[in-house]
Amino acid sequence: MPSDFPFENVALISVTYKSEKLAQHLAHTASLFRHVWIIDNNSQDDTIAAYRQAIPHATIVAQSINAGFGPANNVGFEASRADCQRALFINPDCTISEAAIRLLLEAADTHPDAAIISPIVFSTATQGANLKLRDYGAGYPAGQVRDLPYSHTLPAVIEDACLDGACFLVDSEKFASIGAFDNNIFMYSEEDDISLRVHKSRFRKITVRDAHAQHLGGASSTSSTRVELRKKYHQKWAVFYMLGKHKSPAVSKIAAGKTLLVAPIAILLYALLLQKRNFLKWSGWMLAALDTLSGKRYFQNHI
């Protein structure tokens, strides 16, 4: 463990789930922070042991259930607030350099009304920047998303860029005041939900052009048939939830009802065509629609 850290008063928060192979990957970034919280979502493998060995100074919270991405981040965030005024949320399959973090902190100092200060996240697979724009003033799900090609001619601080949940810095007091992560969202759509709430607040969300993070993408947890089904379920359930939260419960129910009408036909078709990916997608979507219409989370707890 290093005797001193470049970032003494900024928390690093990461959520793991069956992510033992990424322990050394996260360790490089974690070595820059005195305060590190790793929240494990009941991995039931060697994930916790791997992170304890790779990042011995981290506080590791072993949850008894898989609470989801946002709720787990909230556990670390609440624990960090006693010692840190800012927090960096980062996926275990993402890295960011000391220089890039300093750029984020400088931007935070320069823009004291910013609740969220983001780097531009590059995919190590495609070498491309995940840089998109969306007008959150148009509400949800309105506001067309459009790609913004990365260039050094872009403004040094970019407004209205879509949030990439793989890596972003927050002013802890401001982020807490807008509600942090919504504990009802297990995974997916949390970036849109946070962005919509920031837009409605008196704070800003900015992206720093020259601060870059590298994201492996899709490597945070291992894949399986069950994992893929759960992902499709949560992806669609989050959309229905967002419609209810940011539009109206009636709009959410109508959308779920339409999905439920189409899903059995799609499931049968893709089963006959032996298209597993589409079969799992529509199966997950149907279960999400059933849970939305019933007002319960039965399938979330049983798949």
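Modeller: Go ahead, and keep in mind that this is a predicted model. Let me start with handedness: a crossing is left-handed if the near helix is turned anticlockwise from the far one by less than a right angle, and right-handed if clockwise. Helix 8 passes helix 9 in the left-handed way.

Colleague: What makes helix 8 and helix 9 roughly antiparallel to each other?

Modeller: The axes of helix 8 (residues 249-272) and helix 9 (residues 276-294) cross at roughly 150 degrees, coming within 8 Å. Angles over 145 degrees count as roughly antiparallel, and therefore the two helices get that label. By class, their contact has 16 nonpolar residues, six polar and one charged.

Colleague: And why is helix 6 called roughly parallel to helix 7?

Modeller: Helix 6 (residues 190-200) and helix 7 (residues 225-246) have axes that cross at roughly 15 degrees and come within 11 Å. The cut-off for roughly parallel is under 35 degrees, so helix 6 is roughly parallel to helix 7. The crossing of this pair is right-handed.

Colleague: Which residues of helix 6 and helix 7 make the contact?

Modeller: From helix 6 you have Asp 192, Asp 193, Leu 196, Arg 197 and Lys 200, and from helix 7 Met 242, Lys 245 and His 246. Sorted by class, that contact has five charged residues, two nonpolar and one polar.

Colleague: How do you know which class the residues in the contact of helix 1 with helix 2 fall into?

Modeller: Look at who is there: Ala 23, Gln 24, Leu 26 and Ala 27 of helix 1, against Ala 50, Tyr 51 and Ala 54 of helix 2. Ala, Leu and Tyr count as nonpolar, and the tally is six nonpolar, one polar and no charged residues. The axes of helix 1 and helix 2 (residues 47-54) come within 9 Å and cross at roughly 35 degrees, and the crossing is right-handed.

Colleague: What makes the space lined by Ser 118 and Thr 207 a cavity?

Modeller: A cavity is a set of points where a 1.4 Å probe fits but cannot get out. By this rule the count is one cavity of 30 Å³ or more, and the largest cavity has a volume of about 50 Å³. Its lining includes Ser 118, Pro 119, Ile 120, Cys 162, Asp 164 and Thr 207. Strand 6 (residues 114-123) gives the largest share of that lining, three residues. By class, the lining has six nonpolar, three polar and two charged residues.

Colleague: What about the second largest pocket, how much space lies in it?

Modeller: About 350 Å³. A pocket, unlike a cavity, is an open set of points. The second largest pocket is lined by 17 residues, and Tyr 17, Asn 66, Arg 226, Arg 230 and Ile 303 lie nearest its centre. Nine of the lining residues are polar, five nonpolar and three charged.

Colleague: Now the backbone. Which kind of peptide bond joins Tyr 140 and Pro 141, cis or trans?

Modeller: Cis, with omega at about 0 degrees. Pro 141 sits in the loop between strand 7 (132-133) and strand 8 (146-147).

Colleague: And why did you pick out Lys 18?

Modeller: Most residues other than glycine have a negative phi. Lys 18 is not a glycine, yet has a positive phi of about 50 degrees. The residue belongs to the loop between strand 1 (7-16) and helix 1 (23-30).

Key:
Residues are numbered from 1 along each chain as its sequence is written. This is a predicted model: local features need pLDDT of at least 70, side-chain atom pairs count only at pLDDT 80 or more; totals for chains, interfaces and linings use all residues. Side-chain values use heavy atoms; hydrogens and water are left out. Axes are lines fitted to C-alpha atoms, for helices over the stretch in contact, and angles run from 0 to 180 degrees between N-to-C directions. Helices (H or I, at least four residues) and strands (E, at least two) are DSSP runs, numbered from the N terminus. Angles under 35 degrees count as roughly parallel, over 145 as roughly antiparallel, 65 to 115 as roughly perpendicular and the rest as oblique. Contact means heavy atoms within 4.5 Å. On a 1 Å grid over the protein atoms alone, a cavity is a set of points where a 1.4 Å probe fits but cannot get out, and a pocket is an open set with protein on both sides within 12 Å along at least five of seven lines; lining residues have an atom within 4 Å of a point. Grid points are joined across faces, edges and corners, and a volume is the space filled by probe spheres set on the points.
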